[in-house]
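Let's go through some labels and ask what backs each one up. Have a look at the structure first.

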Amino acid sequence: MTRLPLLLACVFAMLLSAAPAHAIPPSDAIARINALRVANSLPPLTEDAELNAGCQAHARYMALNGGWDETVPHDETPGKPGYTAAGAAAARSSVLAGPLGWMDPHPWVGSAEHTRQIMDPALSRTGYGEQGGWMCLQVRTDPRPDLIGKVFTLPGKGAIDVNLANGEALSVYTPGQDDITLRAPRLSSPTGSVPLSDTLVPQGALAPGTTYTAEVDLRHSATRCSREGAPPVYPACPARFASWCYTSERDIKPVWLPAEAAPYDPVLCSGGEKPPATEYASIKARTEPYHWQFTTAGPPVTCPSAVTAPSRLARGTTMHAYVQMCGAASVSVEVLRGNRRVARRTSRMPGFRVSTRRLAAGRYTLVVAVGDDTHQHAFTVR
């Protein structure tokens, strides 16, 4: 998974909006964070009473001691006022802020890493505590097998009114997929490209009211998998791999399985059936292009006419394109391979989709006519 290691550092709350600092109950704090998560297509959090209590205990500890401990900020020192085992445990799995109290949109907005932790799709349960302006929010993640294979981003796909602080990175989450690395990041708008660093930090200011296309290659490393019916030493193989069977009961070897391995149901080969060459299979490394779009805060820019779209797509996926229509009632869209037209459509909306389901791998040109203007955008289907 591409999620950065959990850095449980501390951040002083800063005056980042016109909203006054004020103490709020856990349900209110979590509701505000959930509103941000939903706006970015991220699953909402569930409030946990026990986690609330732990964070409240640590917030009280910080209030009594003038903040977190300098030497071990994410812990508590036995013997100090307000020390509790529950508060110490909460401190080790939380983000902390103070001493100014809650400020919208949240007190950690000035820290890209804290924001990344708070918005992590693998975070499902949380708790919040506040006392004397000192705040604690639980960010410990749990395994989320239901999210494996999904991709989440920050800003989210289709997010609007996005404000990226100077030096703040885009984020890509691939829960439960530790083998994925990010390559070839790219950020473009209808008026041109903005360089991205390897850590997805825009190397320039983003224009207000502008729709951007962000792209990245998801590189899946080569891995081994256990066939169905074989000892589950590796993650289970996809269904396309042949299952395993044993030629005789003497070949079944459950004794060497790791103690934590899930049980498996060995199957004897039927008459004349031969098992595959090995109990395991190798999944080749592969690269999967991924893209999403978001729009920055500000009055929408509609002129001059221009288009933004991804430059590379996986076959079978859908291209999301956006056109600055400059007052045009509709746009005409064609997809060309060389000089041959392979797809055509019109759109009355600035955002439209183009399916690659019927496109073979290769290079194509997206041709968009907006009034008297024609724009061409090259892209590749892999």
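Q: What separation do the centres of domain 1 and domain 2 have, taken over C-alpha atoms?
A: Those centres sit 45 Å apart, counted over C-alpha atoms. Domain 1 covers 26-141 and domain 2 covers 304-381, with bounds that come from an automatic or database domain assignment.

Q: What kind of model is this, and what counts in it?
A: It's a predicted model, where local features need pLDDT of at least 70, side-chain atom pairs count only at pLDDT 80 or more, and totals for chains, interfaces and linings use all residues. Residues are numbered from 1 along each chain as its sequence is written, and side-chain values use heavy atoms, with hydrogens and water left out.

Q: Why is Asn40 called buried?
A: Buried means under 20% relative accessible area (exposed is over 50%, partly exposed in between, with a 1.4 Å probe and protein chains only). Asn40 has 13% relative accessibility, so it counts as buried. It lies in the loop between α1 (26-39) and β2 (46-47); helices (H or I, at least four residues) and strands (E, at least two) are DSSP runs numbered from the N terminus.

Q: What does Asn40 touch, not counting residues up to four places away in sequence?
A: Met119, Thr153, Leu154, Pro155, Gly156 and Ala159, where contact means heavy atoms within 4.5 Å.

Q: What makes His58 buried or exposed?
A: Its relative accessible area is 0%, so His58 is buried. His58 is found in helix α2 (residues 49-64), and beyond four places in sequence it touches Pro73, Asp75, Glu76, Gly87, Ala91 and Leu96.

Q: What volume does the largest pocket have, and which residues are closest to its centre?
A: The volume is about 520 Å³. Of the 22 lining residues, Leu36, Asn40, Val109, Asn163 and Glu168 are the closest to the centre. A pocket here is an open set of points on a 1 Å grid over the protein atoms alone, where a 1.4 Å probe fits, with protein on both sides within 12 Å along at least five of seven lines; lining residues have an atom within 4 Å of a point.

Q: How does the lining of the largest pocket split by class?
A: There are 14 nonpolar, six polar and two charged residues. Ala, Val, Leu, Ile, Met, Phe, Trp, Tyr, Cys and Pro count as nonpolar, Asp, Glu, Lys and Arg as charged, and the others, Gly among them, as polar.

Q: How do you know that Cys55 and Cys136 form a disulfide?
A: The cut-off is a pair of cysteine sulfur atoms within 2.5 Å, and the sulfurs of Cys55 and Cys136 are 2.0 Å apart. The torsion about their S-S bond is about -65 degrees, so this disulfide is left-handed. Cys55 lies in helix α2 and Cys136 in strand β6 (residues 134-138), so the pair ties together parts 81 residues apart in sequence.

Q: What makes the link of Cys225 and Cys237 right-handed or left-handed?
A: With 90 degrees about the S-S bond, the link of Cys225 and Cys237 is right-handed. Cys225 lies in strand β12 (residues 223-226) and Cys237 in the loop between β12 and β13 (280-283), so the pair ties together parts twelve residues apart in sequence. The S to S distance is 1.9 Å.

Q: How many disulfides does a search of the whole structure find?
A: Four. With the bonded cysteines numbered in sequence order, the pairing is 1-2, 3-4, 5-6, 7-8.

Methods. Grid points are joined across faces, edges and corners, and a volume is the space filled by probe spheres set on the points.
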